[in-house]
Amino acid sequence: MMRRRGASIQQHRNVLYLIIFGIYLASVTLQTTTFNEMIPHRVGVLIELATLAALLGLVVCLDTLTPGQIIGEVSLLVLVTVVTLTSGAHYLMPTIMLVIAAREVSFRQIIQVYLGVVGTILLLALVAAEVGLIKNITFATADGLRQSFGVVYTTDFAAHIFYLCAAYLYLLARRFRLVALLPVLFGLAMIYQFTKTMTDVIALLVLISLYLVYIYRRQLRWLRPMIRYSFLMLPLASGLIIGLSNIFNYQDRLLVALNNTLSTRLALGNNALLAYGGKLFGQAPIPINGWGGDRFETFTNGVGDATYFFIDSSFLNMLISYGLLLTLIIIIGMTWFLYQRTRQHDYLLPVIFVAIAISSMFDQHFLEVTYNVFILMLLADLPNYRTAVGPAFDRPVVIRRGRRADESSTGLSGAAVDPDHRPDVNSIR
């Protein structure tokens with residue numbers, strides 16, 4: 001009886017979490033669209049404060065934590081509070097509370113809420129922008145017209161599409177068919193054709209490629225090391241962009257060529273490091289001047305002598321704005337978590353984070369749940385599945401752990417046996 005009652009309380013707690021998450025997600029996603037002009041700023045502030053209070057109530061009243069867990073979570077909250085007060089990045093507190101309160105909540109359901117809320121709002125914004133109800137911010141560049149489809153910047157629209165595709169593929173891994181890639185390819189075409197955002201084009205191409213290697217890894221045995229060591233991408237990507245920005249100078253032709261290829265991001269990162277450096281607990285808000293579209297056109301048409309300055313990279317922004325300590329905790333903590341998943345032969349989340357790391361080298365959305373919902377994975381309920389892939393590339397089968405491949409409801413008698421004779425566990429609930 002007590003066990004049944006405890007399970008019922010946990011179930012109701014998880015439903016409350018998903019409702020709170022959905023409301024907060026809707027609020028912050030609307031702020032990334034030009035619907036934000038219709039919504040008073042205080043509404044977003046009130047929702048943020050209510051979210052913090054509700055999540056804190058869930059954790060304090062309904063969670064049973066060990067002394068070690070309490071010490072760890074309180075220490076993290078204290079650090080994030082200090083960084084928030086120092087940097088002014090108020091969104092960090094609800095983000096970290098969403099991570100902490102996601103304990104034992106189905107990650108699959110979190111992803112479903114994310115897809116439903118963000119996907120619906122983006123679709124409404126696109127339609128509203130096309131019929132003229134809200135602004136469709138556009139920029140004329142040498143490559144053509146860049147459109148935002150109701151989002152505040154074209155690059156933000158592209159980032160939304162990239163993360164929605166990642167969430168969609170995560171849910172799809174359990175019963176994947178090649179035809180299911182069509183929505184992702186459509187999203188890729190939209191990013192390339194209408195936003196010209198090469199960062200998300202490249203990141204999405206990497207995601208599709210590695211995802212297919214993950215799904216068909218028994219047939220593509222020579223490519224397994226790509227996914228086996230995918231958990232290393234976060235420290236590699238963050239170290240690379242910070243290191244290149246730190247050593248950049250205009251006397252090095254190779255670095256100059258790379259800087260031009262990366263739309264001056266190395267020079268901007270170098271300027272930020274020289275001007276502000278990295279503090280242990282972050283620093284006061286850094287003034288920025290950032291506009292979408294082509295930067296050369298921006299400099300020469302309508303902006304005059306204003307100086308462009310924006311820290312595009314999530315990793316550089318974390319180091320400079322939020323401090324060395326929090327940056328190390330985030331990168332090392334997530335890398336360790338992904339490593340633990342690979343030890344259980346779960347390569348899906350590490351593979352997805354390869355593409356996220358590449359995207360985050362050049363955009364600022366890594367810690368924003370309206371984009372990167374995958375940061376909520378750390379304490380969520382990640383189920384275990386054993387994946388059996390059939391002999392044909394279009395017939396992968398995923399069955400629950402503990403069942404034989406030939407007992408799968410698909411009736412596929414030719415399911416392959418893991419050549420390493422080890423269970424293949426996938427966090428894809």
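Visitor: Where does serine 209 lie?

Guide: Serine 209 lies in helix H8, residues 198-215. Helices here are DSSP runs of H or I with at least four residues, strands are runs of E with at least two, and both are numbered from the N terminus. The model is a predicted one, in which local features need pLDDT of at least 70, side-chain atom pairs count only at pLDDT 80 or more, and totals for chains, interfaces and linings use all residues. Residues are numbered from 1 along each chain as its sequence is written, and side-chain values use heavy atoms, with hydrogens and water left out.

Visitor: Is serine 209 buried, exposed or partly exposed?

Guide: Serine 209 counts as partly exposed, because its relative accessibility is 44%. Buried means under 20% relative accessible area, exposed means over 50%, and partly exposed is in between, with a 1.4 Å probe and protein chains only.

Visitor: How far apart are serine 209 and valine 351 in space?

Guide: Their C-alpha atoms are 9.8 Å apart, while 142 residues separate serine 209 from valine 351 in sequence.

Visitor: Changing topic, how many salt bridges are there?

Guide: The count comes to five salt bridges, each being a side-chain nitrogen of Lys or Arg within 4 Å of a carboxyl oxygen of Asp or Glu. One of them joins aspartate 63 to arginine 13, with the closest N and O atoms 2.6 Å apart. This pair links distant parts of the chain, 50 residues apart: aspartate 63 is in the loop between helix H2 (41-62) and H3, and arginine 13 is in helix H1 (residues 2-30). Aspartate 63 and arginine 13 are buried.

Visitor: What about arginine 103, which residue does it pair with?

Guide: Arginine 103 forms a salt bridge with glutamate 73, and their closest N and O atoms are 2.5 Å apart. Arginine 103 lies in the loop between H4 and helix H5 (107-131) and glutamate 73 lies in helix H3, so the pair ties together parts that are 30 residues apart in sequence. Arginine 103 and glutamate 73 are both buried.

Visitor: And which residue does aspartate 346 bridge to?

Guide: Aspartate 346 bridges to arginine 341, with the closest N and O atoms 2.9 Å apart. Aspartate 346 counts as buried because its relative accessibility is 0%. Arginine 341 is buried too, with a relative accessible area of 7%.

Visitor: How many cavities of 30 Å³ or more does the structure hold?

Guide: The structure holds three such cavities. The second largest cavity has a volume of about 70 Å³, and its lining includes Ile241, Arg265, Phe310 and Met361. Helix H12 gives the most to this lining, with three residues.

Visitor: One last topic: what is the phi of histidine 345?

Guide: Histidine 345 has a positive phi of about 65°, although it is not a glycine. Most residues other than glycine have a negative phi. Histidine 345 lies in the loop between H15 and helix H16 (348-360), and it counts as buried at 16% relative accessibility.

Visitor: Where is glutamate 104, then?

Guide: Glutamate 104 lies in the loop between H4 and H5. Glutamate 104 also has a positive phi, of about 70°, and is partly exposed, with a relative accessible area of 47%.

Key:
On a 1 Å grid over the protein atoms alone, a cavity is a set of points where a 1.4 Å probe fits but cannot get out, and a pocket is an open set with protein on both sides within 12 Å along at least five of seven lines; lining residues have an atom within 4 Å of a point. Grid points are joined across faces, edges and corners, and a volume is the space filled by probe spheres set on the points.
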